[in-house]
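This briefing covers selected helices and a sheet. The structure comes first, followed by the details.

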There are 2 protein chains.
Amino acid sequence: MYTIIPEKGLVSNMKAYQELTREELLALKEQLDAAYVDAKGKGLKLDMSRGKPGISQLTLSMPMLDVINSQSDMKTVLGNDTRNYGDLDGIGECRRLLANMMGVEKDNVVICGNSSLNIMYDTVSRSMTKGVNGSTPWSKLDKVKFLCPVPGYDRHFKITEYFGIEMINIPLLEDGPDMDMVEQYVNNDSAVKGIWCVPKYSNPTGISYSDEVVRRFANLKPAAEDFRIYWDNAYCIHHLYDDKQDEILNILEECEKAGNPNMVYIFSSTSKVSFPGSGVSAIASSLENIDFIESQMTVQTIGHDKINQLRHARYFKNIDGMKEHMRKHADLMRPKFEAVLDVLEKELGGLGIGSWTKPYGGYFISFDAMDGCAKAIVAKCKEAGVVLTGAGATFPYGKDPKDSNIRIAPSFPTPEEMAMATDLFVLCVKLVSVEKLLEA
Amino acid sequence: MYTIIPEKGLVSNMKAYQELTREELLALKEQLDAAYVDAKGKGLKLDMSRGKPGISQLTLSMPMLDVINSQSDMKTVLGNDTRNYGDLDGIGECRRLLANMMGVEKDNVVICGNSSLNIMYDTVSRSMTKGVNGSTPWSKLDKVKFLCPVPGYDRHFKITEYFGIEMINIPLLEDGPDMDMVEQYVNNDSAVKGIWCVPKYSNPTGISYSDEVVRRFANLKPAAEDFRIYWDNAYCIHHLYDDKQDEILNILEECEKAGNPNMVYIFSSTSKVSFPGSGVSAIASSLENIDFIESQMTVQTIGHDKINQLRHARYFKNIDGMKEHMRKHADLMRPKFEAVLDVLEKELGGLGIGSWTKPYGGYFISFDAMDGCAKAIVAKCKEAGVVLTGAGATFPYGKDPKDSNIRIAPSFPTPEEMAMATDLFVLCVKLVSVEKLLEA
């Protein structure tokens with residue numbers, strides 16, 4: 001395995017960088033500069049920028065493509081022809097499958113197209129033009145605000161930015177968003193209409209919301225009647241381990257119990273279960289919310305791709321089949337995560353120049369560099385052939401106030417490539433950190 | 001073949017109903033009433049309400065489902081993996097195929113999801129929230145109007161109605177919309193932002209726009225910079241005959257020539273080529289318009305279903321393969337259209353109580369009853385077991401000012417069923433017409 005560092009003796013004492021003298025830092029910088037020149041010469045070309053499944057994961061789902069063929073019975077369990085118009089809210093067996101995946105009842109689920117992001121976009125777009133269950137359309141309001149736990153998912157923030165919605169950063173802690181702040185905003189400011197959440201194996205930190213956090217969400221007393229929680233449960237069955245798994249409380253049930261039955265929209269998809277772009281997506285919510293959503297859907301489309309719904313329902317059979325399939329994904333993903341974590345631990349442990357998360361599932365590892373270093377680290381990596389998610393992308397407007405957070409996406413490269421890429425990454429972290437300390 | 005009428009001697013002289021005496025009308029009504037009671041007793045249960053392909057048409061496309069299987073090379077011609085994220089605007093081979101279908105260049109085409117209706121919805125929705133290429137969002141305007149050639153497609157009208165856009169009826173003549181009226185509105189009223197068109201084998205009349213009409217469209221001088229022609233070319237390759245086919249001028253080229261390159265959006269899909277709900281859809285427009293559309297798409301989705309795009313591109317191979325496939329559709333559709341037209345001609349010819357169209361393609365026959373009769377005819381048919389598209393549906397707000405137009409959709413039933421349904425239909429037309437004349 002290709003390893004850039006440590007050369008013997010390089011920071012051999014593993015002393016925290018902050019404790020080094022200026023002379024030690026200068027000496028270290030010289031070594032790191034040399035290592036970096038060497039690294040650049042290797043001609044790396046690796047992409048850790050997005051949560052793209054790896055080739056081996058895509059291969060896992062190939063047998064699904066045989067399930068529906070020219071000889072297949074194309075009818076649903078209820079006898080509806082999936083090849084023709086009809087079943088606007090999705091075929092029954094696919095609704096059941098995704099309901100089980102999302103931990104809700106079938107009647108609360110509507111199957112949509114291939115992308116849960118598109119459902120989220122539509123949900124915000126509809127609120128702009130038609131309001132929420134009869135409220136004033138947001139486009140008629142002077143100000144609409146969304147709370148954005150940070151670091152978070154860049155594509156959530158892009159949606160709210162696109163529609164001119166003001167975004168407010170909420171620190172994401174180890175057990176979920178800072179709920180004191182969330183309650184303060186939601187319960188007092190009627191311009192706050194939503195909050196973006198990835199409650200399980202959060203993008204990018206990988207943390208999951210504690211039961212207390214979920215209950216505090218369910219018990220919000222929003223100043224705005226059209227406030228909703230945008231609960232993107234993208235990684236609901238995306239565990240890395242058999243024996244260490246996060247579970248979260250059922251937000252729909254908790255909201256019902258708390259007398260807020262309409263307060264949450266849950267989104268999910270099989271993009272990272274079957275095929276990105278050729279999966280099925282779903283929204284789950286209260287029946288009242290679903291009715292309102294369908295009043296839009298019936299204008300928007302005659303129906304989604306039911307043949308693909310049938311393909312998914314027949315291939316996975318049921319939630320157990322799906323979970324078994326996800327175990328195979330885990331077997332492929334785990335070595336990649338561990339390759340990154342091993343290098344981070346070995347190379348940066350105790351140096352005081354970075355901290356990171358060790359998630360039990362999801363698609364990302366989140367890395368916090370010293371303040372003011374993230375952009376420079378990402379740039380240095382890119383210069384040497386490793387593309388990371390742009391620094392700042394995990395914050396609204398692409399602005400990380402501390403310039404500290406970097407999202408690492410280990411899924412696409414092989415474990416060997418991930419180790420190589422991480423070797424370069426830690427070298428860049430060290431180099432930029434030393435430069436930062438020398439500036440100070 | 002089951003035939004309700006004519007019993008021998010019934011209106012044997014084929015005299016126009018208007019020329020009958022009151023006594024003759026009363027005698028006729030008695031005969032028709034008896035025939036209707038008889039018809040109700042047959043327990044018909046047929047649906048001519050929507051343009052749903054028939055089972056035999058769906059069967060035609062079944063081999064497509066074998067084209068992609070677990071052994072397939074899943075890469076595009078350019079080497080992109082269709083199973084993963086990427087190719088936001090569609091894979092090259094599918095763009096080329098649909099470009100040829102729509103008669104435009106590949107670069108002017110973006111492939112979307114499974115439904116062109118959804119693209120139209122998105123296009124109007126985006127104009128509401130973001131304007132058109134930088135213009136004021138329509139939601140910020142006091143008044144937005146669309147021109148609606150009538151009779152037209154109900155789902156177009158539902159979109160504009162949903163967004164609170166005022167709809168103005170424009171008579172659809174034999175060669176297209178009344179262009180004097182169109183020019184009058186578009187060139188003078190800056191609140192007029194669009195016009196819904198089905199330029200070829202129009203829904204429901206089946207007429208196609210003449211070259212002169214297309215040129216007059218291209219040469220509009222809109223008062224509103226954000227006026228666009230919504231050109232739903234749904235039936236571009238949906239001919240019924242080999243030797244009698246309509247062709248229309250290329251609106252994108254004509255708009256360019258006329259100095260209005262950005263004035264048109266063209267929509268189409270393979271919903272009635274491969275599978276309704278599991279086809280691919282596309283929008284074609286100027287590069288400037290496409291850029292603006294993609295600035296939305298990139299927020300809305302990470303990409304559409306590329307495996308399905310690959311399935312379509314490989315199955316049809318090219319536009320010739322697609323046209324050959326459509327010939328098989330025509331062989332199935334033609335007898336259904338002819339079954340309807342034969343009965344209409346035989347039973348209503350010369351009676352002065354209805355007129356209808358004989359299209360060379362598309363999915364519909366449009367029938368105009370005597371004024372004030374359409375609702376009653378549809379109700380009578382329903383009572384006896386034949387469901388037609390609701391009277392008025394072909395007009396904005398579901399209001400046919402003359403209560404005259406009825407859309408007949410012959411595609412779903414078999415030719416035999418179509419003949420039976422049409423037998424009932426003409427009986428109801430006669431009965432309601434006689435009642436109307438007796439009232440007068």
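**Helix 4 of chain A**

A:Gly103, with a positive phi near 75°, follows helix 4 of chain A. This is a predicted model, in which local features need pLDDT of at least 70 and side-chain atom pairs count only at pLDDT 80 or more, while totals for chains, interfaces and linings use all residues. Residues are numbered from 1 along each chain as its sequence is written, and chains are lettered from A and ligands numbered from 1 in the order in which they are written. Helices (H or I, at least four residues) and strands (E, at least two) are DSSP runs, numbered from the N terminus.

- Among the buried residues of helix 4 (residues 92–102) of chain A are A:Leu97, A:Leu98 and A:Met101; buried means that 20 or more other C-beta atoms, placed from the backbone, lie within 10 Å of the residue's own.
- The cover over the buried residues of helix 4 of chain A includes helix 11 (306–316) and helix 12 (319–348) of chain A, contact being C-beta atoms, placed from the backbone, within 7 Å.

**Helix 10 of chain B**

- B:Asn289, B:Ile293, B:Met297 and B:Gln300 are the buried residues of helix 10 (residues 287–300) of chain B.
- Helix 5 (116–130) of chain A is included in what covers them, together with strands 2, 8 and 9 of chain B.

**Sheet in chain B**

- Three strands form an open sheet in the order 10-11-13 (chain B), with antiparallel pairing; strands pair if DSSP finds at least two bridges between them.
- Strand 10 (354–356) and strand 13 (405–408) of chain B each have a single partner strand, so one side of each lacks a neighbour in the sheet.
- B:Ser355 is opposite B:Asp368 in strand 11 of chain B.

Conventions: Buried ≥ 20, exposed ≤ 12 C-beta atoms within 10 Å, placed from the backbone. Contact = placed C-beta atoms within 7 Å.
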